[in-house]
Amino acid sequence: MDECCCCGATVAMRTRYRTMYRIPGSICLDCLTVTFCGPCNLCQLKRDINRRKQLGIF
């Protein structure tokens, strides 16, 4: 995924997804979101992926 996995695979996945689709944020915020609100992180990614699939851009 071309991301540093020092903070974990989930942070790398979130950061890669965010940068790939030009979603505002930072790796620091990604790390905090994954660490303190893991279920929220997964729900947010799932909703965004579903929306992008509907639009045909995923």
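**Exercise 1.** Does Asp 48 count as buried or exposed?

*Solution.* Keep in mind that you're looking at a predicted model. Step one: find the relative accessibility of Asp 48, which is 13%. Step two: compare that with the cut-off, since buried means under 20% relative accessible area. So Asp 48 counts as buried.

**Exercise 2.** Which residues form salt bridges with Asp 48?

*Solution.* Start with Arg 51: its salt bridge with Asp 48 has the closest N and O atoms 2.6 Å apart. Next comes Arg 52, again with 2.6 Å between the closest N and O atoms. Now place them: Arg 51 and Asp 48 both sit in helix α3 (residues 38-55), 3 residues apart. Asp 48 and Arg 52 are 4 residues apart in helix α3, about one turn of the helix.

**Exercise 3.** Which parts does the pair Asp 30 and Arg 14 tie together?

*Solution.* First, the contact: the side chains of these two, Asp 30 and Arg 14, meet in a salt bridge (3.2 Å, N to O). Then locate each one: Asp 30 lies in helix α2 and Arg 14 in helix α1 (residues 9-20), so the pair ties together parts 16 residues apart in sequence. Both Asp 30 and Arg 14 are buried.

Definitions and conventions. Residues numbered from 1 in each chain as written. Predicted model: local features only at pLDDT ≥ 70, side-chain atom pairs only at ≥ 80, totals over all residues. Heavy atoms only, no water. Salt bridge = Lys/Arg side-chain N within 4 Å of Asp/Glu carboxyl O. Helix = DSSP H or I, 4+ residues; strand = E, 2+ residues; numbered from the N terminus. Buried < 20%, exposed > 50% of the residue type's maximum accessible area, 1.4 Å probe, protein only.
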